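Trainee: Hi, could you walk me through this one?
Mentor: Happy to. Here it is.
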Amino acid sequence: MTSITVLILAAGASTRMEGGPKQLLPWRNTTLLGHAIRQARQITESVFVVLGAHADEIKNIIPKDVKIIDNPNWEKGMGTSISVGVEDILGTNSNPSGLLIMLADQPLLDASYLNEVKKEFENNECRIVATAYGNKLGVPAIFHPSLFLELSKLDKDFGAKHIIEKYKADSITVFPEGKEIDIDTKNDYIQSTDIK
């Protein structure tokens with residue numbers, strides 16, 4: 001069995017969402033971020049969350065056994081959240097056999113989907129198992145430890161997609177079957193709550 005660590009990216013300012021941070025929007029008796037944490041904890045006990053904008057407000061809903069990582073450079077893009085998160089994880093000496101990076105605003109990609117990604121990683125020798133978005137790949141994705149150093153050097157807008165593209169030949173694709181909706185606007189949220 002693999003020892004997967006999950007890194008949830010939740011540092012964004014929700015600029016397209018009116019009325020406060022989307023991480024705190026209600027979702028299934030918790031919040032969007034709370035839901036993401038619940039799903040992650042069904043596949044591993046090792047869960048880290050990267051916060052940036054609204055961190056002081058959001059910290060209050062995060063369980064004590066989930067490690068919070070602050071990204072002081074969150075405004076520079078998702079790549080900075082990945083790098084600060086991976087650096088922190090590498091500093092814990094936990095030596096995970098894979099790192100699953102996911103977002104806080106894709107609530108339909110639940111524990112069963114994350115388990116599917118994890119099983120593909122466990123059953124195949126590959127560097128990455130990633131989620132299909134048309135003919136592109138993205139997160140949720142699990143990265144082999146051989147890529148942790150590269151992930152820790154990401155900056156600005158070069159997120160995980162940059163590394164997934166680089167190692168596409170050594171990647172496995174999982175198809176989300178319509179569950180890959182991002183909640184970026186109030187309209188996205190309303191439509192998603194209709195199908196949750």
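Mentor: One definition to begin with: axes are lines fitted to C-alpha atoms, for helices over the stretch in contact, and angles run from 0 to 180 degrees between N-to-C directions. This is a predicted model, where local features need pLDDT of at least 70 and side-chain atom pairs count only at pLDDT 80 or more, while totals for chains, interfaces and linings use all residues. Residues are numbered from 1 along each chain as its sequence is written, and side-chain values use heavy atoms, with hydrogens and water left out.

Trainee: Thanks! Which strands does H4 lie across?
Mentor: H4 lies across S1, S6, S7, S8 and S9, and runs at about 75 degrees to S8. Helices (H or I, at least four residues) and strands (E, at least two) are DSSP runs, numbered from the N terminus.

Trainee: And which residues of H4 are buried?
Mentor: Ala111, Tyr113, Leu114, Val117, Lys118 and Phe121 are buried in H4; that word means under 20% relative accessible area, with a 1.4 Å probe and protein chains only. They sit on the same side of H4, because they cover an arc of only 165 degrees around the axis, taken from the directions from the helix axis to the C-beta atoms.

Trainee: What do they pack against?
Mentor: The buried residues of H4 pack against S1, helix H1 (32-41), S6 (98-103), S7 (128-133), S8 (136-143) and S9 (171-174). Contact here means heavy atoms within 4.5 Å.

Trainee: Now the sheet. What is the strand order?
Mentor: The order is S5-S4-S1-S6-S8-S7-S9, an open sheet of seven strands with mixed pairing. S5 (67-70) and S9 stand at the edges with a single partner strand each, so one side of each has no neighbour in the sheet. Two strands pair if DSSP finds at least two bridges between them.

Trainee: In which sense do S6 and S8 pair?
Mentor: S6 and S8 are antiparallel, over three bridges. Ile101 stands opposite Ala141 in S8.

Trainee: Is Thr5 buried or exposed?
Mentor: Thr5 is buried, with a relative accessible area of 2%. Thr5 lies in S1 (residues 4-10). Leaving aside neighbours within four places in sequence, the contacts of Thr5 include Ser46, Phe48, Ile89 and Leu100.

Trainee: Last one: what does the side chain of Asp188 have 2.9 Å away?
Mentor: A polar atom of the Asp188 side chain lies 2.9 Å from the backbone nitrogen of Asp184. Asp188 is found in H7 (residues 186-195), and touches Asp182 and Ile183, not counting residues up to four places away in sequence.

Notes
Buried < 20%, exposed > 50% of the residue type's maximum accessible area, 1.4 Å probe, protein only. Polar contact = N/O pair within 3.5 Å; in protein donor to acceptor, adjacent residues only side chain to side chain.
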